[in-house]
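Reader: I like to see each label traced back to the number behind it. Could you walk me through this one that way?

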Amino acid sequence: MIVIQDLGGTKKTIAKGKRIVREMREDAAKLQREPIPLSELILGTECGGSDYTSGLASNPAVGAACDMLVAEGGTVVLSETPELIGAEHLLARRARTPEIAKRVLDTVAWWEKEAIAAGQNIREADPSPGNIAGGITTLEEKSLGCIYKAGTGLLEEVITYASHPAKKGLVYMDTPATDIEQLTGMVAGGVQIVAFTTGRGNPLGAPIVPVIKITANRIRTSS
């Protein structure tokens, strides 16, 4: 961690940051690539700029891939807590234990309660105008599409923002709905690659992990 006030200004802070990065690059240059089993892979899932094709095709396709990875002993991270509103009970049903199921429901309820306390109603604000233009009609429809991308397996764990999974299999990380915060939290928690579905297009990525954009929208793909 670098603190501008402790170092005495922006220029000194940037200079220290550069020194740290140079040391990191020197260490990284000494590493040798080597194969690892799929069981060591942690895959993050995300959707943004969703349209009707997201829930019908791209999210289910990613979900099928997630099931294949989990079958090999790997880990899949589902995030975007506010995007689960209206479908959280379906995810809770897949929890391995009642305690995990309760935590899913409590986490989603906390977000909705906080939004209402701030004068916002997620159920009225979502789906967004872009989602509606893309053919999504209700919040529940959007949420159902969201959870498709996590596959069909048992939910093994609920973790806090940027925490590293302690379990293999499907893991749910409590994150905001904004894409850049989701990506940052998942990567900080150990995700090595992200499958990002989008129907209307989304430009966001991450500087230190591959972010694969997936769409089922032929119009967007060809335009």
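Predicted model: local features only at pLDDT ≥ 70, side-chain atom pairs only at ≥ 80, totals over all residues.

Reader: What makes Lys102 and Asp106 a salt bridge?

Author: Their closest N and O atoms are 2.6 Å apart. The cut-off is a Lys or Arg side-chain nitrogen within 4 Å of an Asp or Glu carboxyl oxygen, so the pair qualifies.

Reader: Why is Lys102 called exposed?

Author: Lys102 has 52% relative accessibility, and exposed means over 50%, so the label applies.

Reader: How many salt bridges does a search of the whole structure find?

Author: Three. One of them joins Arg96 to Glu156, with 2.5 Å between the closest N and O atoms. This pair links distant parts of the chain, as Arg96 is in the loop between helix 4 and helix 5 while Glu156 is in strand 3, 60 residues apart.

Reader: Let's turn to the core. Which residues have the most contacts inside the largest nonpolar core?

Author: Leu84, Leu91, Val104, Leu155 and Tyr172, in a core of 25 residues. Contributors of at least two residues each include strand 1 (42–47), helix 3 (52–71), helix 8 (139–148) and strand 4 (169–173). Helix 5 gives the most, with four residues.

Reader: What does Leu91 touch, leaving out residues up to four places away in sequence?

Author: Leu78, Leu84, Val104, Leu155 and Tyr172. Apart from this core lies another, of twelve residues, including Ile42, Leu183, Phe196 and Val209.

Reader: Leu183 brings me to helix 9. Which residues of helix 9 are buried?

Author: Asp179, Gln182, Leu183, Gly185, Met186 and Val187. Their cover includes strand 1, strand 2, strand 4, strand 5 (193–197) and strand 6 (211–214). Just after helix 9, Gly190 takes a positive phi of about 110 degrees.

Reader: How do you know that the span of helix 3 agrees with what its 20 residues should give?

Author: At 1.5 Å a residue, helix 3 should span 28 Å, and its end C-alpha atoms are 29 Å apart, so the two values agree.

Reader: Where does helix 3 bend?

Author: At Ser58, by about 35 degrees, with a proline, Pro60, following within four residues. Ser58 is also among the buried residues of helix 3, which include Thr53, Asn59, Val62 and Leu69. Just after helix 3 comes Gly73, with a positive phi of about 95 degrees.

How values were computed. Residues numbered from 1 in each chain as written. Heavy atoms only, no water. Core = buried A, V, L, I, M, F, W, Y, C linked by side-chain atoms within 4.5 Å. Buried < 20%, exposed > 50% of the residue type's maximum accessible area, 1.4 Å probe, protein only. Contact = heavy atoms within 4.5 Å. Expected span 1.5 Å × (residues − 1). Bend = angle between axes of the 7 residues up to and from the residue.
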